[in-house]
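Okay, everyone, thanks for coming along. Let me put today's model up on the screen, and then I'll walk you through it chain by chain.

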Amino acid sequence: MQFIVELGRYVKLLGAVFSRPEQWKTFRNQVFKEMNTLGIDSLPIISIISVFMGAVITIQTASNLDGGFIPLYSVGYAARQSMILEFSPTIIALILIGKVGSSISSELGTMRVSEQIDALEIMGINSANYLILPKVVACILFNPFLITLSMVIGISGGYLATVFTGIMAGSDYEYGVRYDFNSFDYTYAMIKTVLFAFVIVTVPAFYGYYVKGGSVEVGRASTKAVVSSSIVILILNYVVTQLLLI
Amino acid sequence: MIEVKNITKRFGDNEVLSDVSAQFERGKTNLIIGASGSGKTTLTKCIVGLHDVSDGEVLYDGVNFSALKQSERKEIRQQIGFLFQGGALFDSMTVEENVMFPLKMFTTQSKKEMQMRVDFCLDRVNLSHTHKLFPAELSGGMKKRVGIARAIAMNPRYLFCDEPNSGLDPQTSIVIDQLINEITAEYDITTIVITHDMNSVLEIGENVIFIYKGKKWWQGDKRDILETDNQELTDFVYASDFMKKIRQRARG
Ligand SMILES: Nc1ncnc2c1ncn2[C@@H]1O[C@H](COP(=O)(O)OP(=O)(O)OP(=O)(O)O)[C@@H](O)[C@H]1O
Ligand SMILES: [Mg+2]
């Protein structure tokens, strides 16, 4: 029951978010600003995580192929597929929830409890639209780039691992990376990326926007936001995968 | 003129305002006084629609604000200047950007015109050297004054100030009172000021409304306050010996 009420409020908030911005110029500036804080500032952490994950996947796969029965290049193939299909779009999304989602939730929550949201409303500004829409647009535009970069860095990380460990020839790995590439896999990953970007912004924004109380509640909202949006993303991931890949 | 008719406001079971009716006149600084927790802030938030009233209605120059849809309220809202009790400055913006914000959103003024208006408003609250500071870098009283500058930036028709001079020294406090009074008379606007400051009450109190436990208990002007025998009001106003002496002297 509680869930239905919350869902109703979430949908209502989305209704307020998706309306015409008061001023296009201000809106555009805000989108760029948010791309900076939500996107560009995430580059370092995403790069570090991706390079290590790519490397580890490669070493794990390669070290499990002792029989000589499966060709070595399949390591490159496996690394590429796991990065593109799952690691970059989904795991990075979960990491972005922790980084971007929680900050959105606490920013809005703080604005709520310090009456800054009321101040916007009193001026006659649609606060949900003004505060949330630029973040949604920024993430939807920027995340595909971020995730693609993560794929590239992850696959390169695998290559570096072959060089450093000598576990297999770099050329075999490279052959595997190029082997049997299906561009729909990338499309599938981008569909997920855009959907997840929407969740990463709107679910935490929902929790932050409706905070009641003080700093304790702001913290609590942020925690709830991370938990709920992670679950939503995992479920969405399953649904989209079943719909698109079977 | 702003008129409230039979406003009742409940938070859950807690009835914070009971059947409050009052008129706030145009061209006058209308004061709301009352003990802490009596419902003053809640009353003004009901008037501007930040809280939905449980009962009753609010009229802005005859327009029934309570009956308007959220989207229709916008027009009146853009004519409201509101100083929050806590300032509610946008903490991601500098002082200057805070004051400029409503101008940017709602006017087609050039950058230069806006800058002039911002300078003018900040000057009027005696803050001409803080343009580039962030709210976190200001003292409490300075935040209040920036809040006032932001509230008057758009030349509002209706001005609300929730305790504009709490946290200010007596001298600045008087400057702010006079400023609010001047703006009110000069532009013939409807101003509602919540205050705890008896100095302000006896200085600028042309229409004073006393809220007691969520009810409108008394209404009058500063001269009436010296004369009144209303027990709750005198208990509130003449709590200190100093104020008692003032009354004795005034009554001869
Ligand atoms: N959002 C809210 N939810 C629940 N109760 C509230 C809310 N806002 C105010 N109240 C209650 O309403 C009562 C009146 O609060 P209000 O803020 O209007 O007092 P006030 O007269 O402005 O006091 P002060 O002079 O201390 O600012 C208080 O008992 C408070 O607990
Ligand atoms: Mg108050």
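**Chain A, then the sheets of chain B**

So, chain A exposes about 11700 Å², and carbon and sulfur atoms supply 68% of that area. Those accessible areas come from Shrake-Rupley with a 1.4 Å probe, and for residues only the protein chains shown count as cover. Before I go on, the housekeeping: this is a predicted model, where local features need pLDDT of at least 70 and side-chain atom pairs count only at pLDDT 80 or more, while totals for chains, interfaces and linings use all residues. Residues are numbered from 1 along each chain as its sequence is written, chains are lettered from A and ligands numbered from 1 in the order in which they are written, and side-chain values use heavy atoms, with hydrogens and water left out.

Back to chain A. What is its secondary structure? Nine helices and zero strands, where helices are DSSP runs of H or I with at least four residues and strands are E runs of at least two, numbered from the N terminus. The C-alpha trace spans about 70 × 40 × 35 Å along its principal axes. Of the 246 residues in chain A, 48% are buried; buried means under 20% relative accessible area, exposed over 50%, partly exposed in between, with a 1.4 Å probe and protein chains only.

Now contacts, meaning heavy atoms within 4.5 Å. Take those in chain A between residues at least 6 apart in sequence: 86% of them join residues at least 24 apart. One residue to look at is A:Ile91, in helix H4 (residues 74-113) of chain A. A:Ile91 is partly exposed, at a relative accessible area of 33%. From A:Ile91 to A:Ile233 you go 142 residues in sequence, yet 9.9 Å in space, C-alpha to C-alpha.

On to chain B. There's an open sheet of four strands, ordered S2-S1-S4-S5, with antiparallel pairing; two strands pair if DSSP finds at least two bridges between them. Strands S2 (14-24) and S5 (63-64) of chain B sit at the edges with a single partner strand each, so one side of each has no neighbour in the sheet. S1 (residues 2-11) of chain B pairs with S2(B) over seven bridges, antiparallel, and B:Ile2 has B:Phe24 as its bridge partner in S2(B). Helix H1 (residues 40-48) of chain B packs on this sheet, touching S1, S2 and S4 (55-60) of chain B, and its direction makes about 65 degrees with that of S2(B). For angles, axes are lines fitted to C-alpha atoms, for helices over the stretch in contact, and values run from 0 to 180 degrees between N-to-C directions.

The other open sheet I want to show has six strands of chain B, in the order S6-S7-S8-S3-S9-S10, and its pairing is mixed. S6 (80-83) and S10 of chain B are the edge strands, pairing on one side only.

Is S9 of chain B enclosed or open? Five of the six residues of S9(B) (residues 207-212) are buried, so the strand is largely enclosed by the rest of the structure. S3 (residues 29-34) of chain B runs parallel to S9(B), joined by five bridges, with B:Gly34 opposite B:Ile211. S9(B) also pairs with S10 (residues 215-220) of chain B, antiparallel, over five bridges, and there B:Ile211 stands opposite B:Lys216. That hairpin has two residues between the strands, and B:Lys213 takes a positive phi near 45 degrees.
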